[in-house]
Amino acid sequence: MRIIKSVAAMQRLARGWQRAGTRVGFVPTMGYLHAGHMSLVQRARRLTGRGGKVAVSIYVNPTQFGPQEDLSRYPRDFARDVRLCREAGVDVIFAPDNAQMYPGAGADKFSTFVSEGELSRSMEGQSRPTHFRGVTTVVAKLFNIVQPDVAVFGSKDYQQAAIVKRMARDLNFPLKIVVAPTVREADGLAMSSRNKYLTGDLRAQALVLWRSLQQARVAVREAARPIPAARLKAELKRLIECAPAARLDYAEFFDPVTLVPVSGVTRGTHLALAVFIGKTRLIDNTQL
Ligand code: AMP
């Protein structure tokens, strides 16, 4: 397994793969890897087949964090990430630093961004106004650097995956985007690097996200008619805020393809939640 830190070296390798007709699968991450990330790696491996290459990027991208967010304390353990990638048969880790990704200072500083204008306005985009511009910009850059045939994203970040798909289509990136299911802990909590922040009884309180998704699913399956979204939202808020450290940021019911909010919730409607557990903001989602 190679570890590459420079953009030029990664692009050279990618060009070599392209010339040789090698199929390349790519998994972008911010590191502090867990079984959710590794499931994307396995998927990339299956999609590229024998003779294909799998690249994982590890980069905590500053432009997708807001000024009050957890950029400086975002968990990192590069040695452990390297070990996990090696064990999973990853071919290349691309781990650039900020100077590689956002070159220049002063008058020649980085000044070109990619932003998606439709799907990124709601939910995460509303709560974190500059977040998706940072995501689409860094993902576009990573696609140009790694030049993959297929890139795998997790449905844990459902809105992000939809936006990346739209960007790839709109800007003609010559690759396929695959979205893989959310991997959960045994008790239902969606795996996340940020779960590291859940110390003491916060870990148990974080289960309200999973319980809310379950409760909404049961309600929808038992209902003979569409349930008013406003009513379900109010019920979920009550359930969530029974946990003393929990505060609902948003609960949204929407069409899984267009991401447009629905007023009547039925089977097939998608539910996404963002909940603060103490200072830690967690997200989760499911199709009902
Ligand atoms: P992150 O390192 O959090 O930016 O995530 C990198 C990729 O891993 C994204 O495509 C995420 O959606 C995906 N991912 C994160 N958590 C999970 C999970 N629990 N199950 C599946 N994919 C995940």
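Residue S39 is placed in helix α2, where helices (H or I, at least four residues) and strands (E, at least two) are DSSP runs numbered from the N terminus. The structure is a predicted model, in which local features need pLDDT of at least 70 and side-chain atom pairs count only at pLDDT 80 or more, while totals for chains, interfaces and linings use all residues. Residues are numbered from 1 along each chain as its sequence is written, and side-chain values use heavy atoms, with hydrogens and water left out. S39 counts as partly exposed because its relative accessibility is 25%; buried means under 20% relative accessible area, exposed over 50%, and partly exposed in between (1.4 Å probe, protein chains only). S39 and I3 are 36 residues apart along the chain, and their C-alpha atoms are separated by 20 Å.

The ligand is surrounded by 17 residues, and the closest are H37, G154, D157, V183 and M191; a residue is near a molecule or strand if one of its heavy atoms lies within 4 Å of it. Several polar contacts, that is, pairs of N or O atoms within 3.5 Å (within protein, one must be able to donate a hydrogen and the other to accept it, and residues adjacent in sequence count only if both atoms are side-chain atoms), are described next. A polar backbone atom of M30 is 2.9 Å from an oxygen atom of the ligand. The side chain of D157 places a polar atom 2.7 Å from an oxygen atom of the ligand. At V183, a backbone N or O atom lies 2.8 Å from a nitrogen atom of the ligand. On its own the ligand has 480 Å² of accessible area, of which the protein covers 93%; accessible areas come from the Shrake-Rupley method with a 1.4 Å probe, and for residues only the protein chains shown count as cover.

Two or more residues of the shell around the ligand are given by each of β2 (24-29), α2 (35-48) and β5 (150-154). The largest share, three residues, comes from α2. By residue type, the shell divides into eight nonpolar, seven polar and two charged residues. Here Ala, Val, Leu, Ile, Met, Phe, Trp, Tyr, Cys and Pro count as nonpolar, Asp, Glu, Lys and Arg as charged, and the others, Gly among them, as polar.

Strand β2 is mostly covered, with six of its six residues buried. V24, F26 and P28 point one way from β2, whereas G25, V27 and T29 point the other way, and all are buried. β2 runs parallel to β3, and six bridges join these strands; two strands pair if DSSP finds at least two bridges between them. G25 stands opposite V54 in β3, and the bridge partner of P28 in β3 is S57. Strand β3 (residues 53-58) is mostly covered as well, five of its six residues being buried. In the loop between β2 and α2 lies Y32, which has a positive phi of about 50° although it is not a glycine.

Two further helices were compared with their expected spans, the expected span being 1.5 Å times one less than the number of residues. Helix α6 (residues 131-146) has 16 residues and should span 22 Å at 1.5 Å a residue; its end C-alpha atoms are 22 Å apart, so the values agree. Of the 16 residues of α6, 14 are buried. Just after α6, Q147 takes a positive phi of about 50°. Buried residues in α7 include Y158, Q159, I163, V164 and M167. α7 is followed by N172, whose phi is positive, near 60°.

Other positions were examined in later parts of the chain. L259 is located in the loop between β8 (246-254) and β9 (264-265). L259 is not a glycine, yet its phi is positive, about 65°. L259 counts as buried because its relative accessible area is 5%. A234 is found in helix α10 (residues 229-240) and counts as partly exposed, because its relative accessibility is 36%. Between A234 and Q287, which are 53 residues apart in sequence, the C-alpha to C-alpha distance is 19 Å.
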